[in-house]
Amino acid sequence: MLAVTITAALIYLAVQRSGAAALGTACWGERLSRAGRNSSCVASQPFLIFGHGKAIHRMDLGGKNQRRLVAGVGSSILLDFHLREETVYWADKHTGVIHKASVRGANRQKLYSSDKHISGLAVDWVWNHVYWTSGEKGKIKKMDINGKNEKTLLRHLSQPNSINVDPNNRFLFWLSGGMSPSIQRSDVTGQMKTTLIKIAEHLGALSIDREDKRLFWVQFGPQGESAIASCDYDGNGLHIIDHPLWSQSLAVSVFLEHLYYTDASSRVIKRVNKFAGGKPLDVNMKQMAKPPVSLKVVHPLNQPMADSQSSPPGCDEKSGNCVNVCSSLAEQGTCQCTEGFALSMQGSYCEDVNECAHWNHGCSLGCENIPGSYFCTCPTGYALLPDRKTCGEITPCEGNMTKKCGDGCLTADGGAVCVCPEGSSLQEDGQACTGCLSADRGGCSQLCIPVSPTGWQCGCLPGYLLHRDGERCVASGPPPYLLVANLVDVRQIHPGGAGDGTLVEDPRGAIIALDYDPVQKSVYFASVGQKRIERVDLNGGSRDVLVSDGLDSPEGLAIDWIHRRMYWTDKGQSTVDCSTLNGQNRETLVSEGLDKPRGIAVHPLAKRLFWTDIGAHPVVESASLEGEGRAVVARTHLVSPSGLTIDFTEDRLFWCDQRRGLVETAALDGSDRRVLLENQVGRPFDLAVFEDRLWITYQKPKQLRSVHKRTGRKLQRIHGNMVQPASVVVVHPLAKPGADVCLHLNGGCAQVCESELGLARCSCLPRYVLSPDGRSCSPGSAGSGDSQTTDSTFNKNKSPPTAPGLSADEAEPDVNSEGGSESAPFTDAMVSDQNECHSLGCDADAQCLLGAGSPTCVCPQGFTGDGRLCVDIDECTQGTHKCDKNAQCQNTFGAHLCKCRAGYQGNGKTCLESEATSPRGTTSRPADVSTRHHGGNSAQSCPSSHESYCLYQGVCFYYPEMESYACNCASGYIGERCQFSDLEWGELQQAEEEQRRNVAIAACMMALVSLLSIAACATYCYGNRTFLHKQPSVDNVSETSVTDESMSEPPATSRPRLDVVCPRRDVCPSCSSEPGDNRATEESGTLSKHNGGYECSMMTAVAAETAVRRSSLPLPSSHGWTSFKPGVLSTPGLQPLAS
């Protein structure tokens, strides 16, 4: 029996290995080349490798020949490959383990297993190293490809991830996260670390084009806008293409002229031209069962080998600034480094020399090291003399130098010279400085970062993007617009003056003051004529009266969007009052010392309140939000300070003097006060500031103007057709920072809401997925894992993804169609190029067309305007949508969605009444469902709670009589919930078939063992019975033996006879015959006829052998042997045994 068991185990292992052997004959390409006894893989055609589920798959660039290379790698991996070694490397981000495996089926090898924060992986195929980044630890490490010589190259990095290596040029590139995202570079030894580009947006993934020596990455803005960008190895030649990407969790890989990237939301791999962009193409025609992750293109061009004869051993011409590398081809080469660098200990590359640490820099006071050089610095009150090493004290200028040098003078050998502060340089006129510490702040709109004694870079705050000019910061997200109180109405005006609309009309009142709340998206305005404060939605609708009692002349209004309070000035009652946003809990904050308060502004982050007083003693004051701690901001040289506003990016206050006709600015405490605009004809009433512009309303003349907020220049007259412009505010998510838009109605999100830069970012709980509208959630599949996240506001130049039952407007603008007669849209943002589109000032959502003539701004499909202002078209309201009459239209930025109503099905443009369908998954399209019945049950549309019951665009039906759900699957999917794709279904079927085969083999082996056991037992019993008949007991054998009649009697039924032996009393009491019981012999025949079950169980071989040994001994009268035939047990007092 033991031999049979071992044989069964060997057969099972052989079956298992037969399946494994099929996977072991893998190769990079689709064919093998034989060379003698060995075979090598030939990757003649490029293909993709990517993570799919818990395996690594390969697929041709055309989407064919997808198959598994390595199984059981985990669902969250980073991968790379070594083409020459025919191995795949991957890192499991959850476990922190790095493995490698040959594609030829060899056993995998664990290389590293002590870092659970791996955020990037790269393989050096030239020098045979593995590099990886540790995001939370801020480190970059490396080891040999055999897992040995692990070493930390860089420390104290800011969330490094997505590392790439170019071993031929000996460079490492990686993305840096944190507050200041950037792309950084170092050599392969961790030396010469430098920042190539700083980007205010979120960076998604990084890839290298080693042929063109360029870096490619994806970036995401705060409102969901996305782009593909690239630059060279030095960070120059920045190239940006606006491209919609629906998932921030993606991977990219460049090959030749295309960029390939994964799309987790649609579960496909897409391809797009790396420079021209355009409409992406799906590589795989069918949607994958699991989202693809960590993508690479495998081909020798992506892992080129350097010319081994280019330099002798020990000479590395690609490192540092090595010059005159090869002194002689016959001798050992040596590196000769330029000034500022020194040879490494290995003598193969150059290292930066820190001159400041060696104290040979020659600076008189301060020194700062930079790669390859250094520069001298001076403390406050001192500046560098012309020798750029010696610091001299800054002194007031005398004579004519007083007007020329605004930052002081230095006494040098040749006389007094003008001085500029550190990080600044003297302008061409020789009389003014420009730089981070100068008045113009180097021309930077927001941030100015010194990089050398005379150089700087401009940066932007979160949510703002650096313009192509490298100085100006532009707010991301929707375009801003102005709300202007126009006495008889409230108008919405574009900042450039093009186009306006009326939000509120009130001919009987006199609307002077207004403000808005970015959380509830409501406009608050005060009417002097009707003496009340009202509220209306930004999109219009009914008006709510909040305060109507005790008001005299409310001429100033401010909304605290963080602490949810409303403040206003009452010139008639000489008070500053406040209440909740509903007009409740009203109280007077300031009344003492006030005469005629007018303008008011609130700074919730600084918790200060500012107002102007145009009374007998004009003043600009501030106080806490409770009215305490009053402070004077400005008191002198004021006549009638009316309106005021706050620049939250610089914490500066602006106000206008209506009588003097000027505009002034100062810090929040009143310091650094200066006149911004004067000698202007008119009477300014109020102002608003955003980005670099300051908008001013004039009541005489009745105009709206704008100027540059820092210089007061670039005056623009925006709007002149107004009754009497008064208060003005800017509406934009960044205009009022810190607003938590999730406080009101959860930001419009169905489940999880996160407020980011004034916009609601919706997400879903586990096991739910975000719907295409970006707000609602639907139940996902059981293995959905993490919920998806997206912005609640779509970028205008892209439409949301289409989902089952939803249809986006498929019409594309002519400028994007291939082969069209019109010019292609120029969307590439080349920083190094000064193209003609820059001067046009196109809207953020417009496209600049470069035709044969001059460039023009054109609004894309779904927008209307002149190109400088593009406004979204509400197709649903105007009735221009293409939705079916049984569908519901939902407007989005630049497009619209169509969703079939309950009881109907289709793509939104065509909706048919839902009919019954087979409950089994089919391969027909959802729109091709025919009328069917299942057992007479009529099908109904699934309720909203089961909209996502059927996966992969399957149509859900509910059978009320059966209380069950059924799916009509789309083409290429199958299963109860359409959960299996063709590939996954095939793998499951193969696994099930293999399991059935193994079970059948095991069952056969068990049956064989059982038959052999039964045969052995039967043979032994037969032999034992023969032995007993030949040697009967001499003690009262006649009473205990079976009668001849009973033994010769034929069976009553067709069942075979089976003789069983058992002790009468000890084993089978019902079979015993006590002394003197004469029925023993009589009942033996009866029992043989009526025993339907075995009254006594079959004895084991051991028990039988014991009985045989005892048969030679005299048996007492209370024991004996009897024989039974199968029959129905009818012995009184015993229950029949269950079969």
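Ile77 touches Gly51, Ile56, Trp90, Ala91, Asp92, Lys93, Val293 and Ser294, residues up to four places away in sequence not being counted, where contact means heavy atoms within 4.5 Å. The residue is found in strand 6 (residues 77-82), strands (E, at least two residues) and helices (H or I, at least four residues) being DSSP runs numbered from the N terminus. At 3% relative accessibility Ile77 counts as buried, a term that stands for under 20% relative accessible area, with exposed meaning over 50% and partly exposed the range in between (1.4 Å probe, protein chains only). Between the C-alpha atoms of Ile77 and Ala91, which are 14 residues apart along the chain, the separation is 5.4 Å.

The model is predicted, so that local features need pLDDT of at least 70 and side-chain atom pairs count only at pLDDT 80 or more, while totals for chains, interfaces and linings use all residues. Residues are numbered from 1 along each chain as its sequence is written, and side-chain values use heavy atoms, with hydrogens and water left out.

**The chain as a whole**

The chain holds 9 helices and 86 strands, and of its 1139 residues 48% are buried. Among contacts between residues at least 6 apart in sequence, 44% join residues at least 24 apart. The accessible surface comes to about 55200 Å², of which 50% belongs to carbon and sulfur atoms; accessible areas come from the Shrake-Rupley method with a 1.4 Å probe, and for residues only the protein chains shown count as cover.

**Other buried positions**

Ser186 lies in strand 16 (residues 182-187) and is buried, with a relative accessible area of 1%. Once neighbours within four places in sequence are left aside, Ser186 is in contact with Leu154, Arg170, Phe171, Leu172, Trp174, Gln191, Met192 and Lys193.

Cys749 belongs to the loop between strand 66 (728-731) and strand 67 (752-756), and at 7% relative accessibility Cys749 counts as buried. Apart from neighbours within four places in sequence, the contacts of Cys749 are with Ala760, Arg761, Cys762 and Arg775. Cys749 and Arg761 are 12 residues apart in sequence, and their C-alpha atoms are 8.0 Å apart in space.

**Charged side chains**

A salt bridge is taken as a side-chain nitrogen of Lys or Arg within 4 Å of a carboxyl oxygen of Asp or Glu, and by this rule the count comes to 28 salt bridges. Three of these pairs are set out below.

| Pair | Closest N to O distance |
|---|---|
| Glu756 and Arg761 | 2.9 Å |
| Asp552 and Lys531 | 3.8 Å |

In the salt bridge of Asp552 with Lys531, Asp552 lies in the loop between strand 49 (544-547) and strand 50 (554-560) and Lys531 in the loop between strand 47 (522-527) and strand 48 (532-537), so the pair ties together parts that are 21 residues apart in sequence. Asp552 is partly exposed at 30% relative accessibility, and Lys531 is partly exposed with a relative accessible area of 37%.

For the salt bridge of Glu756 with Arg761, Glu756 counts as partly exposed at 29% relative accessibility, whereas Arg761 is buried, with a relative accessible area of 10%. Elsewhere, salt bridges that share partners join Arg441, Asp647, Glu650, Lys709 and Arg710 into one network.

Lys296, placed in strand 26 (residues 292-298), is buried yet has no salt bridge, and the nearest side chain of opposite charge, Asp80, is 4.4 Å away. In this account Lys and Arg count as positive and Asp and Glu as negative, while His and the chain ends are not counted. With neighbours within four places in sequence set aside, Lys296 is in contact with Phe47, Leu48, Ile49, Leu79, Asp80, Phe81, Asn164 and Ser253.

On the surface, Lys596, Arg659, Arg683, Lys700 and Lys702 gather in a patch of positive charge. Patches are made of residues with over 30% relative accessible area and no salt bridge, like charges being joined within 9 Å and nonpolar side chains (Val, Leu, Ile, Met, Phe, Trp, Tyr) within 5 Å, and the place of a charge is taken as NZ of Lys, CZ of Arg, CG of Asp or CD of Glu. Lys700 lies in strand 63 (residues 693-700) and counts as exposed at 53% relative accessibility.
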